[in-house]
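Please look at the sequence and the structure shown below, and keep both in view while reading this short report.

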Amino acid sequence: MPRFFIETTKSVSTLPTNSRPKFFAFGIPDYTNLGDQAVSLASRKYIETEFPEFQYIEILEDDNDAGIEAVEKIITSQDVVSFVGGGNMGSLYTEHESARRKVFSTFVNNLTISFPQSIHFEETDFGHKQQQLSQAAYSRNPHLFLIARDAQSYHRMQTTFSNHVLFTPDMVLYMKAEDFHFQRSGALFALRRDGEKVVDDTLVASMKHLLDKPQRSIIQTDTVLDTVDHITPMTREKLFQQELALFAHQEMIITDRWHAMVFSVLTGTPCLLFGNSYGKGKHAYIDWLEHIDWIDYTDETDLTRLKAIIDRLIGAPKHDFDLRPDFGQLHQLIARHLKTIS
């Protein structure tokens with residue numbers, strides 16, 4: 001029996017059948033990647049804040065097939081279907097792409113929103129086959145809107161699919177910045193352990209030595225937790241706040257995780273981002289965050305130049321920023337739908 005999360009503190013096994021318009025959110029993760037968990041949390045906060053007319057209902061990706069079957073029984077024309085955003089559209093994470101295809105090709109009569117994603121289909125026979133499968137599934141839905149979270153993905157979505165394509169930031173950038181008022185005393189290396197990793201371990205070791213000094217702890221971790229087995233909508237916000245607190249204690253973040261940079265933005269923590277295997281962090285940084293003084297992206301490997309960048313970031317003053325107006329295309333899309341059903 002699938003679980004449906006009606007509130008962040010409540011799950012139910014049957015869907016509500018009241019007359020309120022529903023916003024069905026498919027693809028909600030229960031795995032321990034805090035970046036993806038933050039995306040699903042921010043998406044809920046966005047809809048509940050900007051469009052309280054909807055009853056927001058989350059369906060775990062593990063319950064995808066049963067969730068589709070249950071939603072099919074009660075969905076009406078006023079309801080919206082969505083799939084969670086992130087960085088897994090394409091051929092690298094086929095379990096997510098397969099679930100996404102099923103949702104998009106099922107609810108072909110409803111407004112369907114793919115929340116902001118990065119996309120990458122590999123230039124291999126396997127990648128081409130996966131792209132063809134996605135093209136076939138997506139094309140069945142004339143009401144599907146794909147949202148890209150970086151310009152590279154925007155172009156790729158436009159040239160790959162026949163669907164509508166919009167352009168907004170990653171959903172986590174809708175969240176408000178927090179000042180934890182902590183004394184900063186550490187350097188945190190938040191680094192990948194998956195197939196997207198390209199940062200050389202020797203360079204990492206050299207940067208640790210560069211940042212090592214008395215009374216500054218050096219920690220290496222990942223935004224994928226190994227302290228819990230799974231995360232649900234009922235537990236994710238507490239873990240997300242704990243992660244922000246960890247970042248807020250640091251003098252410097254070194255990472256190749258896009259969402260580690262986003263967490264640094266939200267906590268005012270100096271951060272240097274390195275690349276992944278297909279550039280999603282680099283392009284999203286250039287599109288949305290290049291104006292924020294205490295973070296930067298680099299492909300640099302020379303330690304003298306890296307030290308200069310790190311020193312500049314640590315000394316950079318904090319300033320206000322507001323990316324909420326950049327969600328305008330998404331806001332207009334949902335507002336138009338509400339107007340048609342009112």
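Which residue in strand 2 does F4 stand opposite?

## Strand 1 and its partners

In this predicted model, F4 stands opposite V12 in strand 2. Strand 1 and strand 2, the latter made of residues 10-12, pair in the antiparallel sense over 3 bridges, and a hairpin of 2 residues joins strand 1 to strand 2.

Strand 1, which covers residues 4-7, also pairs in the antiparallel sense with strand 4, residues 55-60, and this pairing runs over 2 bridges. Within strand 4, the residue that stands opposite F5 is E58. As a general point, the side chains of a regular strand alternate between the two faces of the sheet.

## The chain as a whole

The protein chain contains 11 helices and 14 strands. Its radius of gyration is 20 Å, close to the 20 Å that the globule rule gives for 342 residues, so the protein chain is as compact as a globular protein of that length. Along its principal axes, the C-alpha trace spans about 60 × 45 × 35 Å.

Of the 342 residues in the protein chain, 56% are buried.

How values were computed:
Residues numbered from 1 in each chain as written. Predicted model: local features only at pLDDT ≥ 70, side-chain atom pairs only at ≥ 80, totals over all residues. Heavy atoms only, no water. Pairing = 2+ DSSP bridges. Helix = DSSP H or I, 4+ residues; strand = E, 2+ residues; numbered from the N terminus. Rg over C-alpha atoms; globule rule 2.2 N^0.38 Å. Buried < 20%, exposed > 50% of the residue type's maximum accessible area, 1.4 Å probe, protein only.
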